[in-house]
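Here are my notes on the model. Please read them with the structure open.

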Amino acid sequence: MSAIMSANGITDPNLIRLGQTLIIPLAPAATPTAATSSATPASTSSSPNVEPTAVFDTVLGGDTLASIARRNGTTLEELIRLNNIVNPDLILVGQRIIVRAGRITSTQQPGDELLSPASFGTGLSIFVQDQPPSMVVEQLSELPLDWVKIDVSWSAVEPSPGVYNFVVLDEAVDALNRINVSVLFTVFGTPVWARSITQEDGPPDNFEAFAGFAGALSEHFAGRVAAYQIWNEPNLRRQWSSERHRIDPASYFDLLRQAYSAIKAEDPSALVVSAGLAPTGFNDGVNALNDRLYLQSLYDLGLQSVTDAVAVHAVGFANPPDADCCQKSDGVETHFENRSFYFKNTLQDYRAITEANGDTRPLWITKFGWGTSEDTDTPGEGFVYVSYNSLVEQATYIPGAFSLAQQLGFVGPMFLYNFNGCQFSVARPEECYFSLLGPSGAPRASFNTLRAMR
């Protein structure tokens with residue numbers, strides 16, 4: 001096992017995937033050197049009778065398949081053949097490309113191995129309600145994505161106790177698996193049968209009911225869904241209104257703990273991610289709790305023992321991704337007075353908290369983005385900040401955020417919000433402000449800048 005781990009650069013032997021290609025060393029002495037910007041043998045041997053397995057190169061920023069071919073003294077056609085590439089324009093930064101063949105079996109695209117919690121990755125939130133999921137996936141297939149995040153409504157999937165409807169999710173997950181994109185489920189939304197209060201959203205009366213659902217979900221999607229995020233923004237009353245459970249870190253921690261155990265029991269390889277907290281300096285104890293203080297309280301309770309990764313919602317509002325609090329940018333009239341309104345400052349604050357608690361795992365940015373109302377109706381007071389952003393600014397800030405996060409070095413997968421919010425629901429117009437597809441369904445400029453990120 002150690003020889004196989006060494007030959008494939010595997011650090012966790014439990015993170016392998018059905019269909020993944022493994023290099024099997026032909027001699028005990030065969031060991032790889034780490035993939036770098038230059039071509040590197042995957043294994044070598046001093047024996048003249050042992051054939052090297054293969055030689056790889058790693059895609060760098062600005063690379064094309066043609067430039068990689070020139071760098072390694074081969075042809076574009078040969079790289080396409082060796083790597084079973086269907087679209088030579090779709091390569092990703094960090095992807096490993098076979099540049100010279102040896103003794104290797106290849107049943108999947110190089111770079112298609114399951115991403116670990118430590119891997120930086122490009123992700124996107126999609127909505128699969130109101131539209132055929134396979135059609136949504138087909139629309140986004142030309143984007144350079146490692147991950148896709150889907151909100152899973154417990155109330156929609158289990159409308160009655162023990163009665164499950166996985167049809168829509170099955171179609172979406174299977175379509176994403178076919179294009180080799182890893183899936184994160186964000187699970188929340190209590191059905192009416194599981195809670196006393198129905199006027200607002202919040203957790204179930206008994207957390208065992210949610211754990212049961214999480215277990216059924218992970219059992220059904222074992223091997224197909226890579227990660228599960230437990231709840232959404234529980235530091236807000238509108239997501240955690242309950243007669244039995246206060247808006248309180250200890251309450252959410254109990255839900256997370258039970259869900260973690262249930263998921264791991266059914267699919268030990270699945271990753272469990274904490275809820276993204278709403279970035280807010282508001283802290284009245286009734287309507288909202290400060291997310292930074294809330295996160296520290298979760299660490300005090302033992303957050304690392306019930307998660308594989310910690311999430312952050314780094315929403316930039318109308319401030320550029322590299323801006324610092326609290327300098328007002330041109331045209332920005334509100335939402336600049338607090339560090340919670342800044343993409344970079346939120347990441348810095350969360351990293352300071354994780355490191356202070358001895359947690360060196362990368363942060364998962366499960367929500368970020370910049371909205372614009374340039375091509376929509378005028379926003380209400382709660383979303384006035386989207387009126388400060390143009391379509392061009394939205395398109396500029398998004399790749400800037402991906403670049404900055406990668407440079408910071410402590411970010412794992414990051415999920416842009418969102419792909420198709422304009423087509424999701426007329427009852428929630430705010431989704432449309434952040435969408436890559438405009439109200440007519442045509443791509444916005446932000447879609448094109450994301451597509452160009454190869």
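1. In the protein chain, 68% of contacts (heavy atoms within 4.5 Å) between residues at least 6 apart in sequence join residues at least 24 apart. This is a predicted model: local features need pLDDT of at least 70, side-chain atom pairs count only at pLDDT 80 or more, and totals for chains, interfaces and linings use all residues. Numbering runs from 1 along each chain as its sequence is written, and side-chain values use heavy atoms, with hydrogens and water left out.

2. The chain has 454 residues, and 52% are buried (under 20% relative accessible area, 1.4 Å probe, protein chains only).

3. Which residues touch the most other members of the largest nonpolar core? They are Phe185 and Phe343, in a core of 81 residues. Such a core is a set of buried Ala, Val, Leu, Ile, Met, Phe, Trp, Tyr and Cys residues joined through side-chain atoms within 4.5 Å. Helix 8 (residues 249-266) gives the most to this core, 7 residues. Helices here are DSSP runs (H or I, at least four residues), as are strands (E, at least two), numbered from the N terminus.

4. Leaving out residues up to four places away in sequence, Phe343 touches residues including Pro321, Phe368, Trp370 and Met414. A separate core has 16 residues, among them Phe336 and Phe434.

5. In general, nonpolar side chains tend to be buried together in soluble globular proteins.

Terms used
Buried means under 20% relative accessible area, exposed over 50%, partly exposed in between (1.4 Å probe, protein chains only).
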